[in-house]
Amino acid sequence: MTGAVGSVERRSSGVELRAAGRKLEGYAAVFGAPATIGSFVETIAPGAFARTLRSNPDILGLVDHDTTRLLARTGSGTLRLAEDTRGLHFEMDVPDTQLGRDILAMAERRDLGGMSFGFRAQDEAWPSADRRELRAVDLMEISIVQAFPAYGETTIATRSYIALSMAAQQRRRFLETLR
């Protein structure tokens, strides 16, 4: 199914994050890795970020999806993103600010929860009521998750519960209303 869903969605994963000097690197998303979101399982198809990366928008590198906690951005060259065979790889130059120092210290101690990303789905498939595959997304930001890489269970669980009782076309229309 193809549909332009207006609401921004966020996904988290406990993927590896490495600190080296004032840089962080790792994967903000991994292809084919199932993620349970409420009552459905979601995977990301290889190439899901390709269109966004080709169009070269200014994608933010945040902490916990908070736009007031900016660490880097592609527009300034302090955040670099690329798809490879594993997923969405990132390299981030962390600023010498209190926030940057705190995040680096937590990364070095391996205290960070993982990575996450904010997006709008542009092409998705629902092979069954409980399985979703993201085929193309408009990537808006990636985030370092300090504690638990959570999916915002309340909002997503509520939305997915309602969506599961609908046919695929109804599900798409419902998701589009959540702008």
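Tutor: Before we start, one term is needed: two strands pair if DSSP finds at least two bridges between them. With that in hand, note that V63 stands opposite D66 in strand 7, and keep in mind that this is a predicted model.

Student: How many bridges pair strand 6 and strand 7, and in which sense do they run?

Tutor: Pairing asks for at least two bridges, and V63 opposite D66 shows where the two strands face each other. The hairpin that they form has two residues between the strands, and D64 takes a positive phi near 55° there. Strand 6 and strand 7 are antiparallel, and the number of bridges is four.

Student: Which residue of strand 11 is the bridge partner of G61?

Tutor: Strand 6 also pairs with strand 11, this time in parallel, through four bridges. Within strand 11, the residue bridged to G61 is I142.

Student: Which residues of strand 6 point the opposite way from L60 and L62?

Tutor: In a regular strand the side chains alternate between the two faces of the sheet. Strand 6 covers residues 60-63, and all of them are buried, whichever way they point. L60 and L62 point one way, and the residues that point the other way are G61 and V63.

Student: Is A50 buried, partly exposed or exposed?

Tutor: A50 is found in helix 1, which covers residues 50-55. A residue is called buried under 20% relative accessible area and exposed over 50%. Because A50 has a relative accessible area of 21%, its class is partly exposed.

Student: Where is T74 found, and which backbone nitrogen does its side chain reach?

Tutor: T74 is found in the loop between strand 7 and strand 8. Leaving aside neighbours within four places in sequence, T74 is in contact with P57, D58, I59, L79 and L81. At 2.8 Å, its side chain reaches the backbone nitrogen of I59.

Student: Which residue forms a salt bridge with R132 at 2.9 Å, and are the two buried or exposed?

Tutor: The pair links distant parts of the chain, with R132 in strand 11 and its partner in strand 5, 90 residues apart. Buried means under 20% relative accessible area, so R132 at 2% is buried, and E42 at 3% is buried as well. The partner whose side chain meets R132 at 2.9 Å, N to O, is E42.

Student: How far apart are the closest N and O atoms in the salt bridge of R132 with E124?

Tutor: R132 forms a salt bridge with E124 too, and both of these residues are buried. The closest N and O atoms of R132 and E124 are apart by 2.5 Å.

Student: What is the exposure class of D96, which forms a salt bridge with R101?

Tutor: The closest N and O atoms of R101 and D96 are 2.8 Å apart. R101 has a relative accessible area of 37% and is therefore partly exposed. Since exposed means over 50%, D96, with 57%, is exposed.

Notes: Residues are numbered from 1 along each chain as its sequence is written. This is a predicted model: local features need pLDDT of at least 70, side-chain atom pairs count only at pLDDT 80 or more; totals for chains, interfaces and linings use all residues. Side-chain values use heavy atoms; hydrogens and water are left out. A polar contact is a pair of N or O atoms within 3.5 Å; within protein, one must be able to donate a hydrogen and the other to accept it, and residues adjacent in sequence count only if both atoms are side-chain atoms. Contact means heavy atoms within 4.5 Å. Buried means under 20% relative accessible area, exposed over 50%, partly exposed in between (1.4 Å probe, protein chains only). A salt bridge is a side-chain nitrogen of Lys or Arg within 4 Å of a carboxyl oxygen of Asp or Glu.
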